[in-house]
Amino acid sequence: MFSTADREIRLGLWKIHILHHAAAHEVWGLWLLEELAEHGHRLSPGTLYPALARMERHGWLEACEATQARGRRSYRATAAGRRLLAALKRDVTELYREVVLGREPRDRAAASREDHGAAARRPARGRKRTPSTRTGTK
């Protein structure tokens, strides 16, 4: 399946995906396994169920009343889970812009442009300043 390092990174993505669906409607284990598999994430129940339990312990998910005779445990996002999801959406959007689209955040790009402009105006290291290298003098 996945290497330990790969699985560790993907676990965060899977949790975001779970929160996304749990904020919209009730979710349960088998449905989540199938939903994640549709996106190429083939998890085992031994990976999913402990993740759901941790998310519930953290207060991001809450178990719903069992509505079927089989007692299927389903989950919904809590208010804390929805707040976390909103913050994560901003983070994922920024990460997508930077990693996938190659766009640096404006503040870093602006600082970089300022640094490059200042470097162009400065004489090279070790070079003595002469009247001709100073800005504003001749």
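**Helices and strands in a predicted model**

Colleague: H1 and H2 are oblique to each other. At roughly what angle do their axes cross?

Modeller: This is a predicted model. In it, the axes of H1 and H2 cross at roughly 120° and come within 11 Å.

Colleague: Why oblique?

Modeller: Angles of 65 to 115 degrees count as roughly perpendicular and those over 145 as roughly antiparallel. The crossing is at roughly 120°, so H1 and H2 are called oblique.

Colleague: And is that crossing left-handed or right-handed?

Modeller: The crossing of H1 and H2 is right-handed. On the H1 side, Trp 14, His 17, Ile 18 and His 21 make the contact, and on the H2 side Trp 31, Leu 32, Glu 35 and Leu 36 do.

Colleague: How many of those are nonpolar, polar and charged?

Modeller: The contact of H1 with H2 has five nonpolar residues, two polar and one charged.

Colleague: What about H2 and H3, what angle do they pack at?

Modeller: About 120°, with the axes of H2 (residues 29-38) and H3 (residues 45-57) 10 Å apart. This crossing is right-handed. From H2 come Gly 29, Leu 30, Leu 32 and Leu 33, and from H3 come Pro 45, Leu 48, Tyr 49 and Leu 52.

Colleague: How many charged residues in the contact of H2 with H3?

Modeller: That contact has no charged residues, seven nonpolar ones and one polar one.

Colleague: Let me step back. How many helices and strands does the protein have?

Modeller: Five helices and three strands. From the N terminus the elements run α-β-α-α-β-β-α-α.

Colleague: In what order do the strands sit in the sheet?

Modeller: The order is E1-E3-E2, in an open sheet with antiparallel pairing. E1 (27-28) and E2 (61-63) are the edge strands, and each pairs on one side only.

Colleague: How many bridges are there between E1 and E3?

Modeller: E1 pairs with E3 (residues 74-77) over two bridges. Val 27 stands opposite Tyr 75, and Trp 28 stands opposite Ser 74.

Colleague: And how many join E2 to E3?

Modeller: Three bridges, and those two strands run antiparallel. Ala 63 has Tyr 75 in E3 as its bridge partner. Tyr 75 also stands opposite Val 27.

Colleague: Which helices lie across the strands?

Modeller: H1 (residues 4-24) lies across E1, E2 and E3, running at about 90° to E3. H3 lies across E2 and E3, at about 105° to E2.

Colleague: New topic. Where is Arg 73?

Modeller: Arg 73 is in the loop between E2 and E3. Its relative accessibility is 45%, so Arg 73 counts as partly exposed.

Colleague: What is Arg 73 in contact with, leaving aside neighbours within four places in sequence?

Modeller: Val 27, Trp 28, Gly 29, Glu 56 and Ala 63. Val 27 and Trp 28 belong to E1, Gly 29 to H2, and Ala 63 to E2.

Colleague: How far apart are Arg 73 and Glu 26, in sequence and in space?

Modeller: They are 47 residues apart in sequence, and their C-alpha atoms are 9.7 Å apart in space.

Colleague: Over the whole protein, what share of contacts joins residues 24 or more positions apart?

Modeller: Counting contacts with a separation of 6 or more, 46% are between residues 24 or more positions apart.

Colleague: Last one. What percentage of the residues count as buried?

Modeller: Of the 138 residues of the protein, 23% count as buried.

Technical notes
Residues numbered from 1 in each chain as written. Predicted model: local features only at pLDDT ≥ 70, side-chain atom pairs only at ≥ 80, totals over all residues. Heavy atoms only, no water. Axes fitted to C-alpha atoms, helices over the stretch in contact; angles between N-to-C directions. Helix = DSSP H or I, 4+ residues; strand = E, 2+ residues; numbered from the N terminus. Left-handed = near helix turned anticlockwise from the far one by under 90°. Contact = heavy atoms within 4.5 Å. Nonpolar A, V, L, I, M, F, W, Y, C, P; charged D, E, K, R; others polar. Pairing = 2+ DSSP bridges. Parallel < 35°, antiparallel > 145°, perpendicular 65-115°, else oblique. Buried < 20%, exposed > 50% of the residue type's maximum accessible area, 1.4 Å probe, protein only.
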